[in-house]
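Subject: Structure handover

Hello,

Please find the structure below. My notes on it follow.

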Amino acid sequence: SILCLPLVKQAKLMGVLYLENSLVSGVFTTRRLAMLELLASQAAISLDHARLYADLIQENNDRRKAEEALRASEERWSMLAENSSAGIALTAPNGRFIAANLALQEMLGYTEYELQERTISEISYDEDRAATVARLADAEQGQRRVYRLEKRYLRKDGKVMWADVSSVFVPASGSASAFFSVVIVD
(Lines give C-alpha, C1' and ligand atoms only; values in the text may rest on other atoms or scores of the structure.)
Protein backbone atom coordinates (compact mmCIF):
# COMPACT_ATOMS: atom_id res chain seq x y z
CA SER A 1 0.00 0.00 0.00
CA ILE A 2 1.32 3.44 -0.94
CA LEU A 3 -0.21 6.84 -0.19
CA CYS A 4 1.05 10.26 -1.24
CA LEU A 5 -0.80 13.33 0.12
CA PRO A 6 0.09 16.98 -0.60
CA LEU A 7 0.57 19.22 2.46
CA VAL A 8 -1.30 22.35 1.34
CA LYS A 9 -1.98 25.57 3.22
CA GLN A 10 -4.01 28.29 1.51
CA ALA A 11 -3.39 26.77 -1.94
CA LYS A 12 0.37 26.72 -1.32
CA LEU A 13 2.21 23.41 -1.42
CA MET A 14 4.16 23.06 1.85
CA GLY A 15 5.37 19.50 1.32
CA VAL A 16 4.31 15.94 0.63
CA LEU A 17 3.33 13.14 2.98
CA TYR A 18 4.50 9.80 1.61
CA LEU A 19 3.40 6.60 3.38
CA GLU A 20 4.26 3.05 2.39
CA ASN A 21 3.19 -0.28 3.93
CA SER A 22 4.78 -3.35 2.37
CA LEU A 23 3.16 -5.81 4.82
CA VAL A 24 -0.53 -5.36 4.05
CA SER A 25 -2.36 -4.23 0.93
CA GLY A 26 -5.40 -1.94 1.02
CA VAL A 27 -4.33 -0.32 4.31
CA PHE A 28 -5.39 3.17 3.26
CA THR A 29 -9.18 2.94 3.48
CA THR A 30 -11.54 5.86 2.90
CA ARG A 31 -11.90 6.40 6.64
CA ARG A 32 -8.14 6.33 7.21
CA LEU A 33 -7.61 8.56 4.20
CA ALA A 34 -10.00 11.17 5.69
CA MET A 35 -8.04 11.08 8.97
CA LEU A 36 -4.70 11.38 7.11
CA GLU A 37 -6.00 14.34 5.08
CA LEU A 38 -6.92 16.10 8.35
CA LEU A 39 -3.46 15.34 9.75
CA ALA A 40 -1.87 16.53 6.49
CA SER A 41 -3.64 19.91 6.73
CA GLN A 42 -2.48 20.27 10.36
CA ALA A 43 1.07 19.29 9.33
CA ALA A 44 1.02 21.96 6.59
CA ILE A 45 0.01 24.58 9.16
CA SER A 46 2.73 23.40 11.54
CA LEU A 47 5.37 23.50 8.79
CA ASP A 48 4.33 27.04 7.86
CA HIS A 49 4.51 28.13 11.51
CA ALA A 50 7.94 26.52 11.85
CA ARG A 51 9.16 28.40 8.75
CA LEU A 52 7.75 31.67 10.06
CA TYR A 53 9.37 31.08 13.44
CA ALA A 54 12.74 30.32 11.80
CA ASP A 55 12.42 33.53 9.74
CA LEU A 56 11.61 35.49 12.88
CA ILE A 57 14.63 34.05 14.71
CA GLN A 58 16.86 34.98 11.75
CA GLU A 59 15.40 38.48 11.59
CA ASN A 60 15.96 38.96 15.35
CA ASN A 61 19.56 37.75 15.02
CA ASP A 62 20.15 40.11 12.09
CA ARG A 63 18.60 43.02 14.01
CA ARG A 64 20.68 42.23 17.10
CA LYS A 65 23.89 42.21 15.01
CA ALA A 66 22.90 45.50 13.36
CA GLU A 67 22.16 47.08 16.76
CA GLU A 68 25.53 45.89 18.10
CA ALA A 69 27.31 47.33 15.05
CA LEU A 70 25.43 50.61 15.45
CA ARG A 71 26.27 50.75 19.15
CA ALA A 72 29.97 50.12 18.39
CA SER A 73 29.92 52.81 15.69
CA GLU A 74 28.24 55.31 18.02
CA GLU A 75 30.80 54.53 20.70
CA ARG A 76 33.70 55.09 18.27
CA TRP A 77 32.29 58.43 17.09
CA SER A 78 31.57 59.48 20.66
CA MET A 79 35.12 58.62 21.71
CA LEU A 80 36.47 60.56 18.72
CA ALA A 81 34.43 63.65 19.60
CA GLU A 82 35.21 63.52 23.31
CA ASN A 83 38.95 62.96 22.84
CA SER A 84 39.43 65.49 20.05
CA SER A 85 41.50 68.60 20.70
CA ALA A 86 39.17 70.51 18.37
CA GLY A 87 35.90 71.87 19.67
CA ILE A 88 32.96 69.94 18.26
CA ALA A 89 29.34 70.99 18.55
CA LEU A 90 25.93 70.13 17.21
CA THR A 91 23.58 73.08 16.88
CA ALA A 92 19.95 73.39 15.90
CA PRO A 93 19.05 75.39 12.74
CA ASN A 94 18.27 78.39 14.98
CA GLY A 95 21.88 78.24 16.25
CA ARG A 96 21.07 76.87 19.71
CA PHE A 97 23.63 74.37 20.99
CA ILE A 98 22.44 70.77 21.18
CA ALA A 99 25.75 69.26 22.33
CA ALA A 100 29.35 70.36 22.79
CA ASN A 101 32.43 68.28 23.49
CA LEU A 102 34.79 68.96 26.40
CA ALA A 103 37.40 70.70 24.21
CA LEU A 104 34.85 73.32 23.10
CA GLN A 105 33.64 73.79 26.65
CA GLU A 106 37.21 74.44 27.77
CA MET A 107 37.90 76.80 24.82
CA LEU A 108 34.86 78.95 25.54
CA GLY A 109 34.75 78.56 29.34
CA TYR A 110 31.12 77.37 29.40
CA THR A 111 29.72 74.06 30.59
CA GLU A 112 27.69 72.06 28.10
CA TYR A 113 24.50 73.04 29.96
CA GLU A 114 25.43 76.75 29.76
CA LEU A 115 26.11 76.40 26.01
CA GLN A 116 22.75 74.67 25.51
CA GLU A 117 21.09 77.78 26.93
CA ARG A 118 22.80 79.92 24.27
CA THR A 119 23.02 80.22 20.51
CA ILE A 120 26.07 80.52 18.28
CA SER A 121 25.21 84.16 17.58
CA GLU A 122 24.98 84.96 21.33
CA ILE A 123 28.58 83.89 21.90
CA SER A 124 29.84 85.44 18.64
CA TYR A 125 31.82 88.66 18.78
CA ASP A 126 29.51 91.66 18.25
CA GLU A 127 30.91 92.56 14.82
CA ASP A 128 30.56 88.90 13.63
CA ARG A 129 27.01 88.39 14.92
CA ALA A 130 25.06 89.60 11.84
CA ALA A 131 27.15 87.46 9.48
CA THR A 132 26.59 84.43 11.73
CA VAL A 133 22.80 84.91 11.70
CA ALA A 134 22.86 85.34 7.89
CA ARG A 135 24.87 82.09 7.43
CA LEU A 136 22.38 80.20 9.62
CA ALA A 137 19.48 81.48 7.51
CA ASP A 138 21.24 80.69 4.21
CA ALA A 139 21.99 77.13 5.28
CA GLU A 140 18.47 76.50 6.56
CA GLN A 141 17.01 77.74 3.26
CA GLY A 142 19.30 75.37 1.37
CA GLN A 143 21.39 78.09 -0.26
CA ARG A 144 24.64 76.78 1.18
CA ARG A 145 25.44 73.76 3.37
CA VAL A 146 29.18 73.94 4.03
CA TYR A 147 31.06 76.83 5.60
CA ARG A 148 34.71 77.32 6.46
CA LEU A 149 35.72 80.66 7.94
CA GLU A 150 37.61 82.49 10.63
CA LYS A 151 35.51 84.24 13.23
CA ARG A 152 35.64 85.55 16.75
CA TYR A 153 33.86 84.16 19.79
CA LEU A 154 33.31 85.75 23.17
CA ARG A 155 34.49 83.48 25.93
CA LYS A 156 32.58 83.36 29.21
CA ASP A 157 35.33 85.45 30.83
CA GLY A 158 34.77 88.19 28.20
CA LYS A 159 37.97 87.56 26.22
CA VAL A 160 37.85 87.26 22.45
CA MET A 161 38.91 83.99 20.85
CA TRP A 162 39.75 83.73 17.14
CA ALA A 163 38.78 80.41 15.67
CA ASP A 164 38.87 78.46 12.41
CA VAL A 165 35.29 77.20 11.99
CA SER A 166 34.09 74.41 9.70
CA SER A 167 30.35 73.86 9.62
CA VAL A 168 28.09 71.51 7.70
CA PHE A 169 24.31 71.79 7.62
CA VAL A 170 22.62 68.38 7.79
CA PRO A 171 19.00 68.61 6.57
CA ALA A 172 16.16 66.81 8.32
CA SER A 173 15.68 63.19 7.32
CA GLY A 174 12.91 60.89 8.46
CA SER A 175 12.37 61.49 12.17
CA ALA A 176 15.77 63.20 12.63
CA SER A 177 15.71 67.00 12.85
CA ALA A 178 18.06 69.21 10.86
CA PHE A 179 21.26 70.32 12.59
CA PHE A 180 24.70 71.86 12.08
CA SER A 181 27.86 69.91 12.73
CA VAL A 182 30.51 72.44 13.75
CA VAL A 183 34.27 71.97 14.30
CA ILE A 184 36.06 74.86 15.99
CA VAL A 185 39.84 75.16 16.22
CA ASP A 186 41.32 77.88 18.43
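Helices (H or I, at least four residues) and strands (E, at least two) are DSSP runs, numbered from the N terminus. The model is predicted, so local features need pLDDT of at least 70 and side-chain atom pairs count only at pLDDT 80 or more, while totals for chains, interfaces and linings use all residues. Residues are numbered from 1 along each chain as its sequence is written, and side-chain values use heavy atoms, with hydrogens and water left out.

Helix H1

H1 covers residues 30–83, which is 54 residues. The expected span of a helix is 1.5 Å times one less than its number of residues. Buried means under 20% relative accessible area, exposed over 50%, and partly exposed in between (1.4 Å probe, protein chains only). The buried residues of H1 are Leu36, Ala40, Ala44, Asp48 and Ala81. Their cover includes strands E1 (2–9), E2 (12–20) and E3, where contact means heavy atoms within 4.5 Å.

Thr91

Strand E3 runs over residues 87–91 and contains Thr91. Thr91 is buried, at a relative accessible area of 1%. Leaving aside residues up to four places away in sequence, Thr91 touches Arg96, Phe97, Ile98, Ile120, Phe179, Phe180 and Val182.

Salt bridges

A salt bridge is a side-chain nitrogen of Lys or Arg within 4 Å of a carboxyl oxygen of Asp or Glu. The structure has 10 of them.

- Arg63 and Glu59 form a salt bridge at 3.2 Å, N to O. Both belong to helix H1 and sit four residues apart, about one turn of the helix. Arg63 is partly exposed, with a relative accessible area of 43%, and Glu59 is partly exposed at 41%.
- Asp128 and Arg152 form a salt bridge at 3.0 Å, N to O. This pair links distant parts of the chain, 24 residues apart: Asp128 is in the loop between helix H3 (112–116) and helix H4 (129–140), and Arg152 is in strand E5 (residues 146–154). Both Asp128 and Arg152 are buried.
- Asp164 and Arg148 form a salt bridge whose closest N and O atoms are 2.8 Å apart. This pair also links distant parts of the chain, 16 residues apart, with Asp164 in strand E6 (residues 160–170) and Arg148 in strand E5. Asp164 is partly exposed at 23% relative accessible area, whereas Arg148 is exposed at 60%.
- Lys9, Asp48, Arg51 and Asp55 are joined in a network of salt bridges.

Regards
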